[in-house]
Every structure is written in structure tokens, then in C-alpha cells.
Amino acid sequence: EAEEARRQSEILRLRTTELESLVRGRNLELEQTQLEVLERLAVLAEFRDTETGEHTVRVGDTCAAVAHEMELDPEWTDRLRLAARLHDIGKVAIPDSILLKPGPLDESEFEVMKTHTTIGARILSGSSSPLLRLAEEVALTHHERWDGAGYPRGLVGADIPMSGRLCAVADVFDALTHDRPYKKAWSAEAAVDFIRSESGTRFDPTVVDAFVRVIERS
């Protein structure tokens, strides 16, 4: 009887392990499907003001490279690589007259542009997926500033999630070094100099230091 009980217990354990593995696989498949749909939406937004829509991928890769340089959690870093691709997903709701304007935005236009952060967060909200929750956080906070002068919440310093601090640097660097409707591309050297000059005001100094190390090695 004891041997039979042990055997039944082992069968139950194996079946439970198999079921848990199946559930994890299904959850991963669902998360990947959700991500693919949202990535396509994010790329659609980027196609409206860039030539290729590759900005989203470059920003994600840069975020991950800097996070790795900072020795942040590897699993979180891998998730950020994908989540940061959705940082500008809210731009799908910004009118072309503003998004594609070939010059500076006036005050009212800039107020509309700023809403892409909260709109993006709303698009991504309500998910149980850790990946999409991180993407929501990035979308909402990537325009916050270290000195508190950012938007939409005016968060200061370490109150800004690390994901938003990393994406802020990666997003600005990529935007500066590629053509946009309102500007020509800067050189990488000029863009790095600008980011250095904004360390401690616009950007987290620790993130800037790690970013510079990554760029200097590339």
C-alpha cells in the first residue's frame, strides 16, 4: 500500500508539472501574441514620422544595453528590450498636423503631443502580463525629467521608474541621430555631448554614465 501510494503521488506530481508547463507555454504564447499586435501598432505610429519605423527597435535595444551595463536584473532587462518598443504607442492618437509638423510646436500643439504618454499607458493598461505592465510604465514615464520638469506627472529623481529613466536617454539619443520632419540628424558625438550636458537635469546621471560607456564601446 505504501508503494502504491508513493507511485500515485509520483504520477500526480508528474501530471501537475506537465500541466504547469502547458499553462506557462500557453501564457507565453498569449503574451507573445499580444506583444506582436501592439508592436505592429507602435510601428504604425512610427511610420507616420520616420521612414522605416525602426526607431522603436533601436530604443528597446539601447535600453537593454544600458540596463545590462548597469548590471540590472537580466530577466527584467530582457523584458525591457521588448517593452520599450512600445514607448510611443500613444502617437497613434496624435493628429498628423502636429506629429508631422516641420517646425516647432506652439504651446497648444505641444499640450496635445504630450498626451501620447497617457494615451499610450491607457492602451497598455489592464493587462496581467508583466511585459505589458512594464510597457505601460515606460509609455507613461519616458518623458519625465530628473529635475521634475517633465510630463505627464512631473516626477522627480528616483520617483521616476528606472524603465522611464532608461528610455528617456535612449529615445532622445535615437531621435537626435536620425532625420525627423522637423530636423536633420545629428552626429553621434554631438548627441552624446548633449546627453552629457543634460545629466542631472533632464536625465539620471547614473543612466547617462552607463549610456556613455555603452556608446564609447560601440
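## The nonpolar core and its surroundings

Of the 39 residues in the largest nonpolar core, those that touch the most other members are Cys63, Val66, Leu80, Leu86, Leu166 and Phe211. A nonpolar core here is a set of buried Ala, Val, Leu, Ile, Met, Phe, Trp, Tyr and Cys residues joined through side-chain atoms within 4.5 Å. Helix H1 (2-47), H2, H3, helix H6 (130-141), H7, H8 and H9 each give two or more residues to this core, and H7 supplies the largest share, eight residues.

A word on the model before going further: this is a predicted model, in which local features need pLDDT of at least 70 and side-chain atom pairs count only at pLDDT 80 or more, while totals for chains, interfaces and linings use all residues. Residues are numbered from 1 along each chain as its sequence is written, and side-chain values use heavy atoms, with hydrogens and water left out.

Now for the overall plan. The protein has nine helices and zero strands, counted as DSSP runs (helices H or I, at least four residues; strands E, at least two) numbered from the N terminus. Buried residues make up 40% of the 218 residues; buried means under 20% relative accessible area, exposed over 50%, and partly exposed in between, with a 1.4 Å probe and protein chains only. Among contacts (heavy atoms within 4.5 Å) between residues at least 6 apart in sequence, 62% join residues at least 24 apart.

Leaving aside neighbours within four places in sequence, Leu80 is in contact with Cys63, Ala67, Leu134, Val138, Ser163 and Leu166.

Next, take a look at H9. The 13 residues of this helix (205-217) should span 18 Å at 1.5 Å a residue, and the end C-alpha atoms are 19 Å apart, which agrees; the expected span is 1.5 Å times one less than the number of residues. Val207, Val208, Ala210, Phe211, Val212 and Val214 are the buried residues of H9, and their cover includes helix H2 (55-69), helix H7 (162-176) and helix H8 (188-197). At the start of H9, a side-chain oxygen of Asp204 comes to within 2.9 Å of the backbone nitrogen of Thr206.

Turning to charges, the whole structure holds 13 salt bridges, each a side-chain nitrogen of Lys or Arg within 4 Å of a carboxyl oxygen of Asp or Glu. Three of them are set out here.

| Salt bridge | Closest N and O atoms |
|---|---|
| Glu54 and Arg58 | 3.8 Å |
| Glu75 and Arg79 | 3.1 Å |
| Glu111 and Lys114 | 3.0 Å |

Glu111 and Lys114 are about one helical turn apart because they sit three residues apart in helix H5 (residues 107-124). Salt bridges that share partners also join Glu54, Arg58 and Asp174 into one network. Glu75 and Arg79 both belong to helix H3 (residues 74-83), four residues apart, about one turn of the helix. Glu75 has 54% relative accessibility, so it counts as exposed, whereas Arg79 is partly exposed at 24%. Glu54, at 46%, counts as partly exposed.

Finally, Glu198 lies in the loop between H8 and H9. Glu198 is buried yet has no salt bridge, and the nearest side chain of opposite charge, Arg145, is 4.2 Å away; Lys and Arg count as positive and Asp and Glu as negative, with His and the chain ends not counted. Not counting residues up to four places away in sequence, Glu198 touches Arg145 and Phe203.

Methods:
Polar contact = N/O pair within 3.5 Å; in protein donor to acceptor, adjacent residues only side chain to side chain.
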